[in-house]
Amino acid sequence: MWSAARVPGPLETYRFPGNQWRHFERLKAFPGGYLVLGDGICGFNPVYGQGMSVAALEARSLDTCLAAGDNALARRFFKAAATPAKAAWTLAAGEDLRFPDVTGKRAPGAGLINAYMDRLRAVASADPVVCTRFFEVASLLRPAPSVFAPRIFARVMLGRRKATSRLPLPVRLTTAR
Ligand SMILES: Cc1cc2nc3c(=O)[nH]c(=O)nc-3n(C[C@H](O)[C@H](O)[C@H](O)COP(=O)(O)OP(=O)(O)OC[C@H]3O[C@@H](n4cnc5c(N)ncnc54)[C@H](O)[C@@H]3O)c2cc1C
């Protein structure tokens with residue numbers, strides 16, 4: 001079947017080769033009348049499918065901030081926008097940093113977390129409760145630490161594992177400011 005497959009058009013590439021988070025929330029001042037949103041704040045390895053979700057959550061934060069007026073809007077908005085950015089960054093950057101040739105700062109204990117996530121994914125392929133939690137976290141519907149909730153932790157540690165393969169592709173990481 002695959003031997004009969006045809007390429008429908010020329011190959012396209014995306015131009016930016018890494019995760020990047022610009023920490024506007026750390027700025028002391030920002031020009032009035034301007035804001036940055038979406039990939040302009042934080043862009044991720046597209047393999048995790050998080051960029052649009054983060055942009056939508058930032059838009060919701062902006063709506064909340066605007067409801068309180070435009071006083072110090074940039075400061076309030078960038079602070080609020082950092083929450084969804086951090087949630088997605090933790091997942092995307094943490095996963096990419098598994099690869100030894102990916103450059104970036106590794107958090108203490110990252111190896112343990114990666115080992116736990118390997119086990120979680122393997123159990124998730126046979127346990128619908130763990131599988132649901134994995135996708136809830138990957139889709140930003142629940143915070144990342146909820147994969148360690150006692151009920152999930154017990155199922156991951158005691159559950160039966162099926163062989164699984166890792167999905168992500170390695171990319172270069174930067175944390176520009
Ligand atoms: C291959 C790939 C797959 C992806 N898959 C997913 C996915 O499955 N799920 C998901 O959530 N996210 C995915 N993403 C990420 C998602 O596309 C982005 O995070 C999201 O589009 C960011 O929205 P944005 O508005 O910040 O930027 P964009 O959507 O890039 O919008 C920026 C717009 O500004 C325009 N523009 C740029 N420069 C100028 C200029 N000088 N003047 C005027 N206009 C300008 C551009 O043409 C563009 O229309 C994927 C990204 C890629 C590259």
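**A nonpolar surface patch and a ligand shell**

Helix α5, spanning residues 150-158, is the main contributor to a nonpolar patch, supplying 3 of its residues. In this predicted model, the patch lies on the surface and is formed by Ile-113, Phe-148, Phe-153, Met-157 and Leu-158. Together these side chains belong to residues with about 490 Å² of accessible area. Met-157 is one of the patch residues and is found in helix α5.

The domain assignment gives two segments, with domain 1 covering 18-89 and domain 2 covering 110-165. The centres of domain 1 and domain 2, taken over C-alpha atoms, are 28 Å apart.

Turning to the ligand, the residues around it are Tyr-14, Leu-37, Gly-38, Asp-39, Pro-46, Gly-49, Gln-50, Gly-51, Met-52 and Ser-53. By class, this shell holds 4 nonpolar, 5 polar and 1 charged residue.

Several backbone atoms in the shell come up against ligand oxygen atoms. A polar backbone atom of Met-52 is 2.8 Å from an oxygen atom of the ligand. For Gly-49, a backbone N or O atom lies 3.3 Å from a ligand oxygen, and for Gly-51 the corresponding distance from a backbone N or O atom to a ligand oxygen is 3.4 Å. As for burial, the ligand taken alone exposes 990 Å², and the protein buries 33% of that area.

Methods. Residues are numbered from 1 along each chain as its sequence is written. This is a predicted model: local features need pLDDT of at least 70, side-chain atom pairs count only at pLDDT 80 or more; totals for chains, interfaces and linings use all residues. Side-chain values use heavy atoms; hydrogens and water are left out. Domain bounds come from an automatic or database domain assignment. A residue is near a molecule or strand if one of its heavy atoms lies within 4 Å of it. A polar contact is a pair of N or O atoms within 3.5 Å; within protein, one must be able to donate a hydrogen and the other to accept it, and residues adjacent in sequence count only if both atoms are side-chain atoms. Accessible areas come from the Shrake-Rupley method with a 1.4 Å probe; for residues, only the protein chains shown count as cover. Ala, Val, Leu, Ile, Met, Phe, Trp, Tyr, Cys and Pro count as nonpolar, Asp, Glu, Lys and Arg as charged, and the others, Gly among them, as polar. Patches are made of residues with over 30% relative accessible area and no salt bridge: like charges are joined within 9 Å, nonpolar side chains (Val, Leu, Ile, Met, Phe, Trp, Tyr) within 5 Å. A salt bridge is a side-chain nitrogen of Lys or Arg within 4 Å of a carboxyl oxygen of Asp or Glu. Helices (H or I, at least four residues) and strands (E, at least two) are DSSP runs, numbered from the N terminus.
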